[in-house]
Amino acid sequence: MTYAAQRDAHVPHATIDAPKDYLHITHTVKSWLLSTDHKRIGILYLISITGFFFIGAVAAGLLRLSLVVPDGSIFTNDTYNKLFTIHGVVMVWFFLIPSIPATFGNFLLPIMIGAKDLAFPRLNTTSWYVFMTGALFAMLSVLFGGIDTGWTFYAPLSTAFSNTYVSLALVGVIIVGFSSILTGLNFIVTVHTMRAPGMTWFRMPIFVWTMYAVSMIFLLATPVITMALILLVMERTFKIGVFDPALGGDPVLFEHLFWFYSHPAVYIMVLPGMGVISEIVPAFARKRLFGYKFVAYASIGLATITFFVWGHHMFVNGQSDYASVTFSFLSFAVAVPSAVKVYNWTATIHKGTLVLDTPMLYAMGYIGLFVIGGLTGLFLATLAIDEHVHDTYFVVAHFHYIMVGGTVLAFLGGLHYWWPKFTGRMYNEAWGRVSAVLMFIGFNVTFFPQFILGYLGMPRRYHVYPAEFQLMNIMSSAGATILAFAYVFPFVYLLYSLWFGKKAPDNPWDAKGLEWMTTSPPPLHNFIKPPVVDFEAYDYEAKVPEA
Amino acid sequence: MSDTLADGVGLHVIEQFVDAEQQRHAGQLGMWAWLVTELLLFAGLFLVATVLRVQYPESVHLAVSHLKFWIGATNTGVLIVSSLTMSGAIQASRLGLQRLTVYCMYATAALGTLFILLKLYEWYDDIVEHMAPWLNQPYELAFDKPSTLFTNLYWVTTGLHGLHLTTGVTILMVLALQARAEGYLSRHQNRIEVFGLYWHFIDLIWIIVFPMLYVIGR
């Protein structure tokens, strides 16, 4: 069932680490499912979201298959609509949003600040069960025949026209929202109250800062979409009319409420990735993170500005020109803290002693792809250009560069970086490097043609398209095949390493931070002796006094 | 914080915390964080109400004039008094007066229940007067379509608030029964403090909901 239980059955006790670490303290399935240890809950989340990732990925594969031919002959229109809805709903709500916070955040946040656990361990267990309950509802809606509204559930399509299992999926998404809220609440309280002696705010790793910023978004944005979706379910069930134009309701109101959450949700997905990169880059450049305070403030800045840009999703839906101009300006403002981060990572790399191990390859891929995704975001924030490319493949390519090129690469980079800490095992470095490079190539081949397609006018969410777009679409689908290998390889060699990997030392990367000062894997309460922090974050140049 | 505790009042420190102070702080901050999310949950409804009031002032006025103002006003008073008794429970618990704490909690629960009963009666009246358009039955103001939206919003908002209050009364009763145990205040006094935050918050939400639905444009 669990990695630990499986692994233990095959390896004689004498050859594995001291039986005090969190994996070996108990072995039963029950001890995992009822665990209140933040590390085990992180692993439970990791297993769950990996499953959802593959469901979403299969849907994506089928979409790309369908788009190989221009006449839409592979699937019916209905099936195509359901496929892109499943892909969107599963990837956004069941993979990307919980991805880094619920897995690495759960596992690492208490360790990084020197705490024994999160402030509310039982609430943490509950959040996983809430997550799985929400997932159950959403998966049932898929099993019963799927939904066809797109992941955005726009009214009145979702309220008056769609006759698929929309309410069931909505209930699933509403429930999942509560698991985000509980996780965010736990993180905020933990960061505020449970830091080890000496762990001041400006000694916290950037990963903790980004987790804090993300938790703020969880708390402030999620309840709003919960309410919007509750009203949507009420609308479908009781015809209450809030979003129904026939009764005088306003469908655009739903878009406002939806994007008030869903734009900040973009930063729920991106900020944790930035946190991971801010850990990996100093470790493999052997340098202190350049401009630490700026990166910390930029995280809070992003989490703040993100609440004031939701209208840029609505430039062409009839909102006033003044609103559009304001939202456009504010969207440009997002570029400032984003650029602060990118410049600080590159400045960290500059004149660093680079070690191009797997996590660093993912991190450098991340920086490149995030820059392309971010710059095309500026195109979209420009009103005139958005008129032209709105709802085309240009938008699809843009947000995949951020969500996949950004978040997924950071997720995989972080997974490789902390894998020795999570499992106590080393993976195969050669396979890791091959996968990281393959991912970068496959991703670009898949999504770069979509920028061109969108600019030439191919709309999103259609599978019948003019024949002259076929070449680009075939390129994109071919790239998706490469990408599939880049996902399957790590899955295989990481699993393999659980049984046959070399035993990991406590600090395989010679990295700084409290998580590298405890054993791999850590003991039940993280540290054998409660840590006292008398050093700065990213203390890589300890011998040279800081300028 | 000014909440100095009497001797023998405090809490049993659980393993993830270093000391009682940290645990108290964490519990209370956790509840505050939760209340922020609750506020934003209700904020969605407040926004919809504002939009409706701006878009259809006449229809909203029509719907508001059919709501039972005096029941709402009485309920506002009931909740404010219940907050007073809850404060009494908290203060008594800090002073280590266990019996007084429990009696104040009983009083609070009773007032909460009174609110719910009055609210149920009001809903019953609404249905009898055909002021429930979401039920598949004739609607009093059917000639004015947009008034449907506000009337339905009234149901959603008071329903959600009622759900919170029912949850609150249930938890309060469990706490009150537990609080009779010997030495409760020396182990779990913080639970009463944390719950008090929640109770005051439901009161506060109603104080926003009441003018939003019943008073403005009456």
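Colleague: How many residues of chain A are in contact with chain B, and how many of chain B with chain A?

Modeller: The size of an interface is often given as the accessible area lost when the parts come together. Here a residue count is used instead. In this predicted model, 32 residues of chain A are in contact with 27 residues of chain B.

Colleague: Which elements give two or more residues to the side of chain A that touches chain B?

Modeller: They are α7 (166-193), α8 (206-238) and α9 (251-285) of chain A. The largest share, 10 residues, comes from α8(A). By class, that side of chain A has 21 nonpolar, seven polar and four charged residues.

Colleague: Which feature does UniProt place at residues 32-534 of chain A?

Modeller: An unreviewed UniProt entry gives "domain: Cytochrome oxidase subunit I profile" for that span. In the model, residues 32-534 of chain A are 71% helix and 0% strand, and the end C-alpha atoms lie 35 Å apart.

Colleague: How do α4 and α5 of chain B pack?

Modeller: Two packed helices are described by the angle between their axes and the distance between the axes. For α4 (residues 98-128) and α5 (residues 145-178) of chain B, the angle is about 155° and the axes are 9 Å apart. Angles over 145 degrees count as roughly antiparallel, so α4(B) is roughly antiparallel to α5(B). The crossing of α4(B) past α5(B) is left-handed.

Colleague: Which residues of α4(B) and α5(B) meet?

Modeller: On α4(B) they include V102(B), Y106(B), F115(B) and K119(B); on α5(B), L165(B), V169(B) and M173(B) are among them. The contact has 12 nonpolar, seven polar and one charged residues.

Key. Residues numbered from 1 in each chain as written. Chains lettered and ligands numbered in written order. Predicted model: local features only at pLDDT ≥ 70, side-chain atom pairs only at ≥ 80, totals over all residues. Contact = placed C-beta atoms within 7 Å. Helix = DSSP H or I, 4+ residues; strand = E, 2+ residues; numbered from the N terminus. Nonpolar A, V, L, I, M, F, W, Y, C, P; charged D, E, K, R; others polar. UniProt positions renumbered as here; feature names shortened; annotations may be inferred. Axes fitted to C-alpha atoms, helices over the stretch in contact; angles between N-to-C directions. Parallel < 35°, antiparallel > 145°, perpendicular 65-115°, else oblique. Left-handed = near helix turned anticlockwise from the far one by under 90°.
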